[in-house]
Amino acid sequence: MNQPASAHPVIEPLHAGDYAAPRSDTSKVPKQAVHQTVYTADHYTEADYLSAENGMLYNAADGANTPLSPALLPRPEGEKINWLHFVGINDADLLKAALSPYHIHELVLEDILSRKQRPKIEDYDSYLFIAARVYQYVDNKLQADQVYLIVGSNFVLTFQQRPLGLFSKIRAHMRHERYDVRSQDAAFLAYRIVDRLVDDYFLTLDQYNNRVEFIDKTLFADSADNSDLLGRIHRLKRDGVRLRRTLQPLRDVLSQLVRGEFTTFHGKSHVYLRDTYDHTMQLLESLDASRDMVVSMMDIHLSFQSNRLNQQMRRLTAITILFMPLTVITGIYGMNFDYMPELHWHYGYFMVLGLMALIIISLLLAFNRRKWL
């Protein structure tokens, strides 16, 4: 799809603070595909290649479904920038064939096929390899997804295990000249991708904070919903640890990029990365505050349970004390001695009942005054 350049495009900001934007719908997106975007300042084309049998691909726009070898994916030359986005491609042979023109190291291929890789950055001279991870709450469970990024002088390669709906907005911006994305270099596209990954954490952290605040409001509620409160607090604590274990190394990756340790990122991309780095610092500060609240809630919950148990034990103790003197009196007059004057007195029974009632009333007043009941 080619789009002619307009005479007077309306240029919008390169970065438009869109971290609150949710992910796009992926229900109708193919589970295994390679999305290619080729662009320059005055040229833009895109194509979607779906996975076929025997490690082959075919162009989704080709009604004949002609098989295409991954090694033959179009690779533009000159000033054109090539963005290949691999989704759900777990076939090692297919990946190796598709990446062979870019001379990607076998260790990078091994990392790309891994589902558990902490955020890191590695320099391979002609390209940079960045491993990242994003999170999303699915059915009240924090689910992690790996995202990998390879940045070269005129190409960007991204990889994810399943459709996430993260980069559709970037691709939509590239279709229109007013966003001034196509006139930038590959490093700037890589910045937009990294920035989108970081911005996605704001939504995840909002979901996490909402769960923390909800439990904090119901911490002292005595209802059936709080039967598993300690377990829910523990899950939040565990989620906070997982988020921090990812955000902290991601901050280190951005710190290396901001310090200019790699020649790939320079110019505008290097300047804008400072804003992304600030976002990670903001995320970590917010996460630390929420994690401290979760730890405090766990201590408060245990203290509350202990205090409630003490109150129940105090009530049971008070009830026991009420019946102790009554037990003594009934025990004394239950003995079978012949010489017990009260046993033969006409009003002896009523006297004992009155004495027992007087003792109970006195103890109840004393307990009530001390707020033991």
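Trainee: Where is R251?
Mentor: R251 sits in helix α5. Helices (H or I, at least four residues) and strands (E, at least two) are DSSP runs, numbered from the N terminus. The model is predicted, so local features need pLDDT of at least 70 and side-chain atom pairs count only at pLDDT 80 or more, while totals for chains, interfaces and linings use all residues. Residues are numbered from 1 along each chain as its sequence is written, and side-chain values use heavy atoms, with hydrogens and water left out.

Trainee: Which residues is R251 in contact with, leaving aside neighbours within four places in sequence?
Mentor: Y277, T280, M281 and L284. Contact means heavy atoms within 4.5 Å.

Trainee: And how are R251 and L189 placed?
Mentor: Their C-alpha atoms are separated by 19 Å, and the two residues lie 62 apart along the chain.

Trainee: At what angle do α5 and α6 cross?
Mentor: Roughly 160°, and the axes of α5 (residues 229-258) and α6 come within 9 Å. Axes are lines fitted to C-alpha atoms, for helices over the stretch in contact, and angles run from 0 to 180 degrees between N-to-C directions.

Trainee: Parallel or antiparallel, then?
Mentor: The angle makes α5 roughly antiparallel to α6. Angles under 35 degrees count as roughly parallel, over 145 as roughly antiparallel, 65 to 115 as roughly perpendicular and the rest as oblique.

Trainee: What residues make up the contact of α5 with α6?
Mentor: It has 20 nonpolar, eight polar and six charged residues. Ala, Val, Leu, Ile, Met, Phe, Trp, Tyr, Cys and Pro count as nonpolar, Asp, Glu, Lys and Arg as charged, and the others, Gly among them, as polar.

Trainee: How do α4 and α6 pack?
Mentor: Helix α6 (residues 268-332) and α4 pack at about 15°, with axes 10 Å apart. That angle makes α4 roughly parallel to α6. The contact of α4 with α6 has 18 nonpolar, eight polar and four charged residues.

Trainee: Changing topic: what is the strand order in the sheet?
Mentor: It is β3-β2-β1-β4-β8-β7-β6-β5, an open sheet of eight strands with mixed pairing. Two strands pair if DSSP finds at least two bridges between them. The edge strands, β3 (57-59) and β5 (120-123), each pair on one side only. On average, neighbouring strands of this sheet are turned by 20° against each other, direction ignored.

Trainee: What packs on the sheet?
Mentor: Helix α4 (residues 186-217) does, touching β1 (33-40), β4 (81-87), β6, β7 and β8 (155-160). The direction of α4 makes about 25° with that of β6.

Trainee: How many bridges pair β6 with β7?
Mentor: Twelve, in the antiparallel sense, between β6 (residues 127-138) and β7 (residues 141-152). Y137 has L142 in β7 as its bridge partner.

Trainee: Which hairpins does β2 form?
Mentor: One is with β1, with two residues between the strands. Another is with β3, with five residues between, and N54 in that turn has a positive phi of about 60°.

Trainee: How many salt bridges are there in the whole structure?
Mentor: Eleven. A salt bridge is a side-chain nitrogen of Lys or Arg within 4 Å of a carboxyl oxygen of Asp or Glu.

Trainee: Where are R23 and D200?
Mentor: R23 is in the segment before β1 and D200 is in helix α4, 177 residues apart. The pair links distant parts of the chain.
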